[in-house]
Amino acid sequence: MTDGLMAVPETPMPTRRRRRRHSQWNGLLFVLPSLLLVTIFFIVPLGMAAWMSLHKWPLMGVPRWVGFDNYERLLTDKSFWSSLWFTIEYTVVITIGLLGVAMALALIVQGQGKAISAYRTIYFLPVVTGFASAALLWVWLSNVDTGLFSPLAQDIGLTEGRVNILANFTPAFWSVIFMVIWKMAGFYMVILMSGLQSIPTDYIEAARIDGAKWSQRFRFIIMPLIRKPFALALILCISGSMLAFDQFYIILSGGPRNQTVTAVYKIFNESFISFRLGYGAALSMVLLVILLALSVIQLTFLSDKGPKK
Amino acid sequence: MNEQVNLQRIQRQAGLCLRRVSKSFGSVEVIRDVDLDIEGGEFVVFVGPSGCGKSTLLRLIAGLEEVTSGDVLIAGKDVTEEDPSDRGIAMVFQTYALYPHMTVAQNMGFGLKVAGRSKTEVEEKVGQAADVLQLNDYLDRRPGQLSGGQRQRVAIGRAIVRDPDVFLFDEPLSNLDAELRVDMRIEIARLHQKLGNTMIYVTHDQTEAMTLADKIVVLRAGRIEQVGSPSTLYDDPDNMFVGGFIGSPKMNFMDGVMRQNGVEVAGVILQTRPITNRPADGTPVHVGIRPEHWRLAEEGKTAVPFKVGFSEFLGGASYLYGTIGEKSCTVNVEREAISERGSVLNLMADADHICLFDQNERRIR
């Protein structure tokens, strides 16, 4: 290599440049498979959705160019904004609930021992069931006649008669929240647990000697040290919840009185129930922008100047 | 002068007592019936091989582990059931345990902050400790931006800020390189001189123990083998374990037999000190002689033959490694006496420097 350079000392640059260009082509070759996948399954559909959103696009028949009409229309579409608002409400509640429960579970199961590893498995088990299956289970459990909750509440004297928990917004909403926490807390527990386990016990012992109470240790030592896994759990939780669909579709079908229609549910309704594919695509684009903004905010949070090693 | 006043203020002379302290982890008993009295202001070193329970004993004093039975008293007060923060102790960990997300100043002031002290008071105390340890230039740095020695000083600073009765050090120098270890050792000794607090220091390094301690506690398998000043332990060990553990290179042990006028080693009679509980003649014993207590015998006199294996020249000292009879032996000699492999030297030792141990490895006095 060096000999080659020595032989043509007056023109070393072109050789180097050629080599660099060569290695760049090599690099491109290596990323080509993933580039292809991203292009086929993300860029192209995204472009198609953007293109669709500028059309009146029925399922059958010829699409018609309408420019930004769909976007103008969604600005005044109260049902979309209310579905978006409901999604945000749900996201806030479920994020607090999920991460709170997951943190409590993680604190319980971070230690060693046979019993603890059994608990860890038990808490994690619901995660491996599908969302749809879990939702179907919940539909059955919540059934006013043949389910578990209503008859049980009546049997133990909690309620006088059978109460249909899915008939009113508040119990229906909280029942879904409860189901999602049951189903997903184990997943976030594992993420947070890995963070907790990576904290050397010396830090906690030093804090004990420093006189920090449990709450102070949690606030000043534990939380700052699990900031990264916590941020990861937060991002996954928020972006997952903003796309919530299955649980509300299967358990509540958007009811009662369309109060539990989420943003994705609304898009689904517009696109595949009303077959307004163009309008559905426009709604998707708006949701995408919102999610993108949220992700940017969260990524900034993740990569702040926090703890330096 | 000002520093002197501040240091005077935090000077404490709190003693510590352990009364029949035992600790078990499940069925494994790691500390057995330990009784120990530490005077206020003493520098005490717990020393012993790995797994002897010295760190556990320190953690029992700190309150990081609960005693299975027995009492811990600090400054005359029974603290057995107290939280670590209420025992009047501060601890320096082997890993330093500095909070990585806090600056040096925040690390040092954390204890005061969680105790709800005012910001000015925290700053003042941190400033004082930083003065003592020359950490003023690093107060805004994070632990990750400091060298090992600086981190060690911050950990000590955090302990000073707590204004404790007793300082506890858990192998604080084991993560430092050899040169820095010597520097920090001197710094800790100086700190003890300045502060005058009771300090308890755990190490497996007998050199650290010898150089730092007012009192050494030698532990083995959860029991105290001997307590005493470095010179007592060195000159007058209670058993072969202490004799072998304290001192480097370690004490030589040879097989001997009691004789009327001394002890016979390798066919040669060596004079011994007067012995109160003298075993009967012909009783086999272990004879302990330190490498530096051997000397070359005058010509023509009877002497113990030492067959040279190899030599080590360390500048200030020279060691010959070889055998006396079947037993391996180390001898500290003058530079001129360094000999070829295979040559035989005639050695003698004075009666005052010969320690006898019985078959249970206990000292015969």
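The face of H6(B) turned away from its buried side carries two exposed residues, Glu179(B) and Gln193(B). Exposed means over 50% relative accessible area and buried under 20%, with partly exposed in between (1.4 Å probe, protein chains only). This is a predicted model: local features need pLDDT of at least 70, side-chain atom pairs count only at pLDDT 80 or more, and totals for chains, interfaces and linings use all residues. Residues are numbered from 1 along each chain as its sequence is written.

**Helix H6 of chain B**
- H6(B) covers residues 178-195. Helices are DSSP runs (H or I, at least four residues), numbered from the N terminus.
- Its buried residues are Met184(B), Arg185(B), Ile188(B), Leu191(B), His192(B) and Leu195(B).
- Seen down the helix axis, these buried residues fall within an arc of 125°, so they line one face of H6(B). The arc is taken from the directions from the axis to the C-beta atoms.
- Just after H6(B), Gly196(B) has a positive phi of about 75°.

**Interface of chain A and chain B**
- In contact (heavy atoms within 4.5 Å) are 20 residues of chain A and 26 residues of chain B.
- The two chains bury about 2,000 Å² between them, 61% of it on carbon and sulfur atoms. Buried area is the accessible area (1.4 Å probe) lost on putting two parts together, summed over both.
- The rule finds one salt bridge across the interface. A salt bridge needs a side-chain nitrogen of Lys or Arg within 4 Å of a carboxyl oxygen of Asp or Glu.
- Glu205(A) and Arg59(B) meet in a salt bridge through their side chains (2.4 Å, N to O).
- H9(A) gives the most to the side of chain A that touches chain B, with seven residues.

Terms used: Chains lettered and ligands numbered in written order. Heavy atoms only, no water. Expected span 1.5 Å × (residues − 1).
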